[in-house]
Amino acid sequence: MTFQEFISDHLGKIILQILIMTSVSVILLTTGTQPGVIVLLLVILLLIGITVYVIDFIRCRSHLKELENIMSRLDQKYLFIECIPQPRTAYERRLFGLMRASYKSMLGAVSDAQSAVREYREYIESWVHEIKSPITAAKLISHSLEAETGRRLTQELIQIEAHVERALFYARAESPEQDFIIREVSLEEIVSKTIETYRSLLMQSNMRIETDNLNHQIYTDSKWACFILGQLLQNAVRYKKSSSAELRDSLHEPGDYQEISIATEHDTCVINISAKLLDRHLILTVADNGIGIPAHELPRVFDRGFTGSNGRARGGSTGMGLYLCRRLSDLLGIDLQITSVEHQGTQVTLSFPAKENLTKM
């Protein structure tokens with residue numbers, strides 16, 4: 001609080017006191033009091049008033065600084081009302097009582113909201129696990145259908161499964177400490193597992209995966225890292241350049257994740273996944289040669305629900321994929337960045353934390 005703010009708060013009282021002093025001076029003059037005496041009296045009253053206001057200002061500022069220090073030292077700011085000094089005046093005690101009643105009401109509302117969110121999260125997780133069984137069964141049934149129908153049904157089931165996974169991880173992101181475990185894992189295994197998960201989608205979408213220098217160990221949660229990488233692969237598929245090549249129905253060996261390609265030589269969409277060490281951090285790069293992102297939309301791609309012009313043009317985009325990637329990356333201590341050139345492709349980099357930085361998470 002500045003002195004100007006203090007005077008502004010007490011301006012009405014000051015004006016009233018000046019009017020009273022003026023009135024008293026006029027009365028004294030009319031009763032024959034010497035002007036010198038009146039001036040002396042006004043000076044004394046003025047000095048007393050200034051002293052009182054200065055002392056009051058110092059007391060108020062010291063009290064505010066004390067409260068600010070208490071607030072700054074609290075990790076849980078909502079506990080402020082329990083930590084402030086006891087009020088000294090009747091007015092402060094009444095005000096403090098009202099604040100405490102409001103605080104207790106707020107705690108009850110927050111507790112009810114947290115309970116509702118927890119129950120909803122548990123329901124979503126249960127629903128996701130239950131819905132996976134019929135999705136898996138539908139995939140198996142699609143294999144018995146004629147080739148084109150089975151392929152189209154499988155592709156739609158893959159999209160359904162992707163939406164279900166996003167719902168699950170969105171719910172888990174609300175209470176991350178209950179779900180993820182940071183430990184040393186193989187980057188190559190994470191990439192292999194993710195590609196295997198989306199093998200059918202990549203094959204049916206005419207994509208080729210190229211990998212380079214993935215023989216590294218990283219510190220992260222493998223399940224969450226697979227989800228983030230999976231979202232990036234799905235985005236590369238969704239926003240690939242239009243292909244005129246017919247999709248082939250060839251299959252690949254389960255262990256062959258170094259290259260998945262069913263495109264013609266002159267009509268191939270490529271996703272390159274590579275890694276390198278930089279200042280004790282491992283940098284994983286996922287790059288594609290798709291349609292890219294307009295420059296003016298890049299700052300918003302991580303916003304919740306943002307679909308962009310490409311998402312609206314192609315349909316089916318929820319705007320949640322990259323939002324979840326950024327949110328989960330922040331929880332895992334991964335620095336996630338994206339660059340893109342329209343009509344040329346998009347590159348996403350994930351900088352995994354070094355082991356000594358894990359204690360800061």
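# Helix packing and confidence in a predicted model

The mean pLDDT of the chain is 82, with 89% of its residues at 70 or more; pLDDT is the predictor's confidence in each residue, from 0 to 100. This is a predicted model, in which local features need pLDDT of at least 70, side-chain atom pairs count only at pLDDT 80 or more, and totals for chains, interfaces and linings use all residues. Residues are numbered from 1 along each chain as its sequence is written, and side-chain values use heavy atoms, with hydrogens and water left out.

**Confidence along the chain**

- Elements are DSSP runs numbered from the N terminus: helices are H or I of at least four residues, strands E of at least two.
- Over residues 244-266 pLDDT stays under 50, and the model has 56 contacts beyond four places in sequence for this stretch. A contact means heavy atoms within 4.5 Å.

**Packing of α5 with α6**

- Helix α5 (residues 90-142) and α6 have axes that come within 10 Å and cross at roughly 165 degrees. Axes are lines fitted to C-alpha atoms, for helices over the stretch in contact, and angles between N-to-C directions run from 0 to 180 degrees.
- That angle makes α5 roughly antiparallel to α6. Angles under 35 degrees count as roughly parallel, over 145 as roughly antiparallel, 65 to 115 as roughly perpendicular and the rest as oblique.
- The contact of α5 with α6 comprises 14 nonpolar, 4 polar and 7 charged residues. Nonpolar covers Ala, Val, Leu, Ile, Met, Phe, Trp, Tyr, Cys and Pro; charged covers Asp, Glu, Lys and Arg; the others, Gly among them, are polar.

- In α6, the residues Gln159, Ala162, Glu165, Arg166, Phe169 and Arg172 meet Lys223, Trp224, Phe227, Gln231, Gln234 and Arg238 in α9. This contact divides into 4 nonpolar, 3 polar and 5 charged residues.
- Between α9 and helix α11 (residues 321-332) the packing angle is about 150 degrees and the axes are 10 Å apart, and the pair is therefore roughly antiparallel.
- On the α9 side, residues including Trp224, Phe227, Ile228 and Leu232 take part in the contact with α11, where the partners include Leu324, Cys325, Leu328 and Leu332. The residues of this contact are 10 nonpolar, 4 polar and no charged.

**Aromatic pairs**

- The whole structure holds 6 aromatic pairs. Rings of Phe, Tyr and Trp (its six-membered ring) pair if their centres lie within 6.5 Å; planes under 30 degrees apart count as stacked, over 60 as edge-to-face and the rest as tilted.
- Phe3 and Phe6 form a stacked pair, 6.3 Å centre to centre with 25 degrees between the planes. Because they lie 3 residues apart in helix α1 (residues 3-9), Phe3 and Phe6 are separated by about one helical turn.
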